[in-house]
Amino acid sequence: MDMVAGKVKMTQQSVKSAMNPTDMLERPIRLTARDVTVHYGAKQALYGISIDIPDRAVTSFIGPSGCGKSTFLRCINRMNDTIEGAKVGGTILLDGEDIYDPALDVVELRARIGMVFQKPNPFPKSIYENVAYGPRIHGLARNKTDMDEIVISSLRKAGLFEEVKDRLNEPGTGLSGGQQQRLCIARAIAVGPEVILMDEPCSALDPIATAIIEELIDELRENYTIVIVTHSMQQAARVSQKTAFFHLGNLIEEGVTEDIFTNPVNKQTQDYIMGRIG
Amino acid sequence: MNALIVAGLLLVLLGVAYQSGWSRSRGLVTADGVKIHSRPQYHGSFVAIWAMVPTLVILGLWAWFGGGITRDYTVSLIPTDIMTSLDQVGLNAAIARIGALASGYGVTGDSPAWEQAAGDALRSFQMLTFVGVLVLALVAGGAALVYARSRIDARLRARNAVERVINLALLACSAVAILTTLGIVASLISEAFRFFTFIHPFDFFFGTVWNPNNAGSAGNWGSYGLLPLLSGTLMITAIAMLVAVPVGLMAAIYLSQYAAPRLRAVAKPMIEILAGIPTIVFGFFALVTVGPFLRDMGNLVGLTINATSALTAGIVMGIMIIPFVSSLSDDILNQVPRTLRDGAYGLGATQSETIRNVLLPAALPGIVGAFLLAVSRAIGETMIVVLAAGNAPVLRGSPFESVATITVSIVNQLTGDTDFTGPQSLVGFALGLTLFVITLGLNVVALYIVRRFREQYE
């Protein structure tokens with residue numbers, strides 16, 4: 001236990017601007033979930049999840065495979081709508097507005113809540129077009145100059161611009177895995193979202209690319225509310241300020257990251273952090 | 001009957017050989033408890049292969065040379081005084097009669113005594129050679145069996161040997177396809193060259209008049225200009241593609257992206273049934289229904305449309321090709337990874353934006369492949385055109401008139417009595433070669449496009 005805590009402390013030091021835990025709790029709440037349930041056909045995947053996601057901070061969902069953390073993440077931007085037979089119950093509020101309100105336009109919602117996926121999934125288009133795609137479908141740029149600006153600043157924010165500035169017209173699929181993932185982050189940023197959801201964004205990447213993405217996430221929280229699903233406890237400890245532990249479709253424990261890792265209240269959380277459930 | 005006996009004996013030999021190899025192999029294990037290199041099944045197969053090879057070789061040699069030997073023997077049965085009175089045709093007739101007498105089938109009328117005697121002699125000769133060859137083959141097979149069985153020991157690499165034989169068998173099977181293709185191409189080319197000794201290639205490829213003189217002789221062969229046929233073919237193909245590609249692609253998009261699973265489960269097989277309708281039925285449908293309908297519609301708007309026209313044939317052919325395009329495109333669209341779709345949805349793209357901007361570009365190489373496959377199919381299609389295009393090999397630009405295609409002209413030139421001595425029938429090979437080159441070219445282009453896009457997108 002102490003050993004893990006020590007390790008967490010050590011890695012936390014590497015984060016540039018570690019946030020004061022109390023400061024984190026005082027942050028305004030951006031997203032509120034109450035009693036969220038998900039059924040896939042007859043099978044229930046989530047059992048009444050209630051959690052608050054703070055503004056401009058990184059919240060991580062951890063837990064063993066199949067615990068429902070990705071399912072919950074996909075509820076937040078209604079990606080479960082695209083899965084046949086998925087049924088979502090409960091309420092999720094974004095700035096007090098119910099995102100499952102039938103009057104709400106899901107396309108608009110997804111423009112406000114961007115998503116980065118487990119496997120880098122650049123479109124079969126050029127690097128430039130990958131980033132420009134979102135702004136284009138939402139009509140964010142009035143002309144070519146506008147668009148150039150959006151693309152370049154998005155690539156900059158994703159820390160990719162310097163590496164690709166000479167080959168913006170080459171296919172995005174030709175980049176390395178880590179670069180592709182940063183391209184996907186740039187693509188998400190380009191739409192101007194307020195929340196970015198990341199579904200195990202580093203699970204297909206090598207340690208160096210992972211470190212770069214983690215650093216990027218830390219920078220992005222200045223401007224975005226970030227929710228990240230990860231199966232790496234170290235990663236959760238390194239990048240997030242708030243952590244929620246899921247197990248078998250239930251939210252077991254949530255709180256300030258440091259507390260969860262050093263002083264978990266729940267026995268199951270302890271077991272998971274100690275590596276007894278995996 | 002004889003073939004059944006041979007097959008039965010071969011099966012018995014195969015079983016005996018396999019069993020003997022297998023049991024000897026099993027004996028090895030129990031006897032010394034050593035580790036054998038190959039499992040007993042391989043030893044069994046090893047002996048079986050050894051036993052089959054000489055047997056099949058001997059039977060094959062007899063199948064190849066036996067006919068000639070029998071014929072020579074039959075000829076020797078004909079008395080010399082009769083022999084001298086026979087010309088080539090008479091000799092063949094006599095041989096056929098003797099063969100018929102020997103087999104007891106197909107004898108009509110009385111036959112002279114010498115023919116009866118020859119028939120009897122031939123019958124016993126056939127019996128003798130059949131049994132002799134069979135026994136020889138089986139003895140050789142048995143000897144090989146015994147030899148192979150004696151070679152079995154723990155270290156024999158039977159598995160490697162058997163797998164090498166399987167390897168060769170697989171190679172032989174693929175060689176069949178390749179050699180057939182090469183053979184067809186070679187015969188097309190050589191016969192086409194024979195055609196070009198009658199008609200200058202320039203007159204063929206660039207001639208604008210198609211008017212073969214089927215009863216003609218040297219100096220009066222008629223005209224064999226390809227262009228009217230080529231233009232008819234291309235026109236009908238283009239019309240067919242204009243119908244099939246949009247409809248097929250849209251159907252594929254609907255089925256793969258929008259349709260509810262239950263509807264899809266019904267609709268997809270239904271569309272594929274369309275592909276199973278014989279083309280002659282489509283042709284009939286074109287001739288009886290679509291052609292007159294188009295003519296009447298043309299009258300309404302003041303257009304003169306022939307009931308049998310490029311338009312009729314093209315539209316019906318397009319309908320026929322829809323399932324090819326839709327079924328292939330549907331599979332291709334479903335193969336686009338789900339993560340790409342999610343990526344677009346995650347950016348707030350609508351379903352139609354996702355389909356237009358992400359799915360279709362990602363699926364494009366496959367769709368182009370499907371398209372070119374459909375074009376090849378349309379170019380080679382015959383029956384619909386025979387019935388619905390009107391068979392008017394005239395160079396025209398209007399799709400409302402009757403046309404003729406390359407395939408139809410091949411049918412016209414090769415049906416009836418053909419002796420392949422004049423350009424009237426040999427032109428079929430030149431036309432066939434032209435079709436072959438066109439489809440080959442399309443396939444090459446398709447491969448090139450697919451590869452280029454794949455490099456770019458994967």
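Me: Is T405(B) buried or exposed?

Reply: In this predicted model, T405(B) lies in the loop between α14 (383-388) and α15 (406-414) of chain B. Within 10 Å there are 33 other C-beta atoms, and a residue counts as buried at 20 or more. T405(B) is therefore buried.

Me: Which residues does T405(B) touch, not counting residues up to four places away in sequence?

Reply: Contact here requires C-beta atoms within 7 Å. With residues up to four places away in sequence not counted, the residues that T405(B) touches are L229(B), G232(B), T233(B), I236(B), V385(B) and A389(B).

Me: Which residues touch the most other members of the largest nonpolar core?

Reply: The largest nonpolar core has 150 residues. One of its members, A313(B), touches I236(B), A286(B), I384(B), V385(B), A388(B) and A389(B), leaving aside residues up to four places away in sequence. A second, separate core of 18 residues includes Y18(B), V47(B), A51(B) and L59(B). In the largest core, those touching the most other members are I236(B), A313(B), V316(B), I321(B), V325(B), A374(B) and I384(B).

Me: How are α8(A) and α9(A) oriented to each other?

Reply: Helix α8 (residues 177-190) and helix α9 (residues 207-220), both of chain A, pack with their axes 9 Å apart and at an angle of about 20 degrees. Angles under 35 degrees count as roughly parallel. The two helices α8(A) and α9(A) are therefore roughly parallel.

Me: Which residues of α9(A) does α8(A) meet, and what is the handedness of the crossing?

Reply: From α8(A), the residues involved are G177(A), G178(A), Q181(A), R182(A) and I185(A). Their partners in α9(A) are A209(A), I212(A), I213(A) and L216(A). By class, this contact has 5 nonpolar, 3 polar and 1 charged residues. As α8(A) passes α9(A), the crossing is right-handed.

Me: Which element gives the largest share of the side of chain A that touches chain B?

Reply: Between the two chains, 26 residues of chain A are in contact with 19 residues of chain B. Two or more residues on the side of chain A come from each of α4 (106-112), β6 (113-116), α5 (127-137) and α8 of chain A. The largest share, 4 residues, comes from α4(A).

Me: What covers the buried residues of α12(B)?

Reply: In helix α12 (residues 338-346) of chain B, the residues R341(B), D342(B), G343(B), A344(B), Y345(B) and G346(B) are buried. Their cover includes α13 (351-380) of chain B, together with α4, β6 and α8 of chain A.

Technical notes
Residues are numbered from 1 along each chain as its sequence is written. Chains are lettered from A and ligands numbered from 1 in the order in which they are written. This is a predicted model: local features need pLDDT of at least 70, side-chain atom pairs count only at pLDDT 80 or more; totals for chains, interfaces and linings use all residues. A nonpolar core is a set of buried Ala, Val, Leu, Ile, Met, Phe, Trp, Tyr and Cys residues joined through C-beta atoms within 7 Å. A residue is buried if 20 or more other C-beta atoms lie within 10 Å of its own, exposed if 12 or fewer, and partly exposed in between; C-beta atoms are placed from the backbone. Axes are lines fitted to C-alpha atoms, for helices over the stretch in contact, and angles run from 0 to 180 degrees between N-to-C directions. Angles under 35 degrees count as roughly parallel, over 145 as roughly antiparallel, 65 to 115 as roughly perpendicular and the rest as oblique. A crossing is left-handed if the near helix is turned anticlockwise from the far one by less than a right angle, and right-handed if clockwise. Ala, Val, Leu, Ile, Met, Phe, Trp, Tyr, Cys and Pro count as nonpolar, Asp, Glu, Lys and Arg as charged, and the others, Gly among them, as polar.
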